[in-house]
Amino acid sequence: SLLLGLRATPPLCAAMGCASSKRSDDVIQPQKETPTAANGAYYPAVTKPVESAYHDGNNAPSAPPMGASVYPPPHGAWYPAMPSGGGDGGRYLDPNALPTAADAAQLARRAAAGTADRVVRRIVLVDPVNAVGWLGEPRTRTGVADYTYKREITHTGDLIDATTGDRIGKIHDVTPHRADPQAGLRLSGPNVFGKYQTVDGPEVTLGSFELDARKLTVSGTAASVAVRLVYTGACVHDAHIFHMGNGWADHFTIAHLDGFLKFSLSPNNASGSWENRVEVSSGIRDKDFEPGKMYTIVAVCTEEGRMRLYVDGESYAEGDGLAALPEFETSRTRKEAWCGRFMRPDTSMPVRAGILSVEVFDGALDDATVRAEYSVREVYADVG
């Protein structure tokens, strides 16, 4: 399939918890969108003024020392300054989104034969190192229901789309600081303070990204997610790297479960949701992920519902997935999306990693694209 928005440089960037009698409408929905701040209000360049609502990135409390980045910008992140639609009310196509002449000819041939592949389009790019707006005054909500008790959640920063300046998500329960460009923004450790009571009893401390689910609308069943991260400690059961869904339905989840890295899906409510969930396992044991080493994890669901799971550009799992069901449907939209926790925080354990990037695609990335864009070998960072 054709992949639009990617360039040759690599990007900086479930099983589900225990069963519950809670209905899907008990799940916390993403917070209501707040007005987007004016240009310059977010994590600024050194030469730009900073509005009082945000920390100056140069004066924010420091996490591990910030050195020169060894990673190039995410591919496709930096477009020429051109208005959408060519500046003529959408009359013209974005030239950066056009296929090459050879690809266009191939697509035309497939269309004539009735076998055209749907174009793969990146719909979200999260860069928590370079595109963050830390709030000068964090916003705390109390009485948030999480199945087992009431708690507080603190919105400490915004995730920004580097190409448009729009807010694409929120950072929760992480102290404002300059993230280490080699180790990413950590979702556990001394800068994280979110307290969650687990269903099994112990309290855990989590940080998380809440993505704007409205931006994750896809054209059909096919979707892909790529996460680049550096592990900072041992992987544990129920550590959810990425999750999006509609309550118990329409899950797309990457998590460490039962000792292995796994990818799981569930269909929509009309097709059995949680009861018909499917998964594939990478076969890579949690203990084999090295702290301090960078990994890129890519999960792909095809239009037919088949599943593929890659680590560093290599295929580690493939299965029939939803295609094994007699019939199924999935929803084009999701109500929630998280990085660092499951839909139920009481069945979530800390993701001991720094996040370098999260990408979500409308469509199924093919093997060649994953190998070309997401192969990373022997890159290490100081996570001491």
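Asp173 counts as buried, at 2% relative accessibility, where buried means under 20% relative accessible area, exposed over 50% and partly exposed in between, with a 1.4 Å probe and protein chains only. This is a predicted model, in which local features need pLDDT of at least 70 and side-chain atom pairs count only at pLDDT 80 or more, while totals for chains, interfaces and linings use all residues. Residues are numbered from 1 along each chain as its sequence is written, and side-chain values use heavy atoms, with hydrogens and water left out.

Asp173 lies in the loop between β5 (167-172) and β6 (185-186); strands are DSSP runs of E with at least two residues, numbered from the N terminus. Leaving aside neighbours within four places in sequence, the residues in contact with Asp173 include Arg151, Thr154, Asn191, Phe193 and Leu206, contact meaning heavy atoms within 4.5 Å.

Not counting residues up to four places away in sequence, Arg352 touches Ser188, Tyr231, Thr232, Gly233, Ala234 and Val236, and the side chain of Arg352 reaches the backbone oxygen of Ala234 at 3.3 Å. Arg352 and Val230 are 122 residues apart in sequence, yet 8.7 Å apart in space, C-alpha to C-alpha.

As for confidence, the protein chain averages a pLDDT of 80, and 70% of the residues score at least 70, pLDDT being the predictor's confidence in each residue, from 0 to 100. Over residues 5-52 the pLDDT stays under 50, and the model has 143 contacts beyond four places in sequence for these residues.

Terms used
Polar contact = N/O pair within 3.5 Å; in protein donor to acceptor, adjacent residues only side chain to side chain. Helix = DSSP H or I, 4+ residues; strand = E, 2+ residues; numbered from the N terminus.
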